[in-house]
Amino acid sequence: MSISNNIKHIQQDIRQTEIDAHRPLNTVQLLAVSKQRTPAEITEAFHAGITRFGENYLQEALIKINALKQLPIEWHFIGGIQSNKTKAIAEHFNWVHTVSTEAIADRLNKARPEESSPLNICIQVNLDHEDTKSGVDVMDILPLATHISSLPHLRLRGLMTIPRPEKELPLQIASFQRLTTLFTDINLALKNPMDTLSMGMSADFKAAIQAGSTLIRVGTAIFGPRT
Ligand SMILES: *Cc1c(COP(=O)(O)O)cnc(C)c1O
């Protein structure tokens, strides 16, 4: 299957799942996760209609962002953030999905160039208290959200999670639903409500859409397996 065929199929799956879930059409955005992919593959996906790409590794991403600077791509940083990388992330990306401490938020805010629009931020949530995963615990979301909302060069957009893998659709839906409920509750306490639920990957994006995701992050199903 070609990249453009894969994209066509996923877009059909998204539309069908929106219908099945009784959601308005076109309320789910597709972020193509392009880690380990070449500028040529990204260009192919771009010409098949994708404008948002997600990268996990800063050095790898900077090479591609530079190589593709003639294309109007929206770049999303979705990897773990080391504090010495915040300056380059704030300068070269439009979105960051993986903020989980005030210190990192402060550094991104400080490093965001004055002439750029505010950096769009999602807070990564560690739903299952897994030691191996980054993200804030559920109790710490609201204080962090409130802090980020106070920073002038950041714009709090939403919550992101990578739940514990489940095989069965109903269990997948149930875990994503927990993030949706937190999202709704926390929005009641914020002056400017969030609009983005970043959840769902190749193996579970239909469940995520059923549970209310507004942005799915898909790599393998678009580009094929990674090495
Ligand atoms: C790699 C990655 C994805 C995409 O995973 P696939 O299973 O290839 O779709 C999504 N989100 C994050 C944070 C990732 O690191």
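Reader: How do the residues of the shell around the ligand divide?

Author: This is a predicted model, in which local features need pLDDT of at least 70, side-chain atom pairs count only at pLDDT 80 or more, and totals for chains, interfaces and linings use all residues. Residues are numbered from 1 along each chain as its sequence is written, and side-chain values use heavy atoms, with hydrogens and water left out. Ala, Val, Leu, Ile, Met, Phe, Trp, Tyr, Cys and Pro count as nonpolar, Asp, Glu, Lys and Arg as charged, and the others, Gly among them, as polar. On that basis the shell holds six nonpolar, four polar and three charged residues.

Reader: Which residue has a polar side-chain atom 2.5 Å from an oxygen atom of the ligand?

Author: A polar contact is a pair of N or O atoms within 3.5 Å. Lys35 places a polar side-chain atom 2.7 Å from a ligand oxygen atom, and Arg217 places one 2.9 Å from a ligand nitrogen atom. The residue at 2.5 Å from an oxygen atom is Thr220.

Reader: How much of the ligand's exposed area does the protein bury?

Author: Accessible areas come from the Shrake-Rupley method with a 1.4 Å probe. Taken alone, the ligand exposes 390 Å². The share of this area buried by the protein is 89%.

Reader: What does the secondary structure of the protein come to?

Author: Helices (H or I, at least four residues) and strands (E, at least two) are DSSP runs. The protein comes to nine helices and eight strands.

Methods: Polar contact = N/O pair within 3.5 Å; in protein donor to acceptor, adjacent residues only side chain to side chain.
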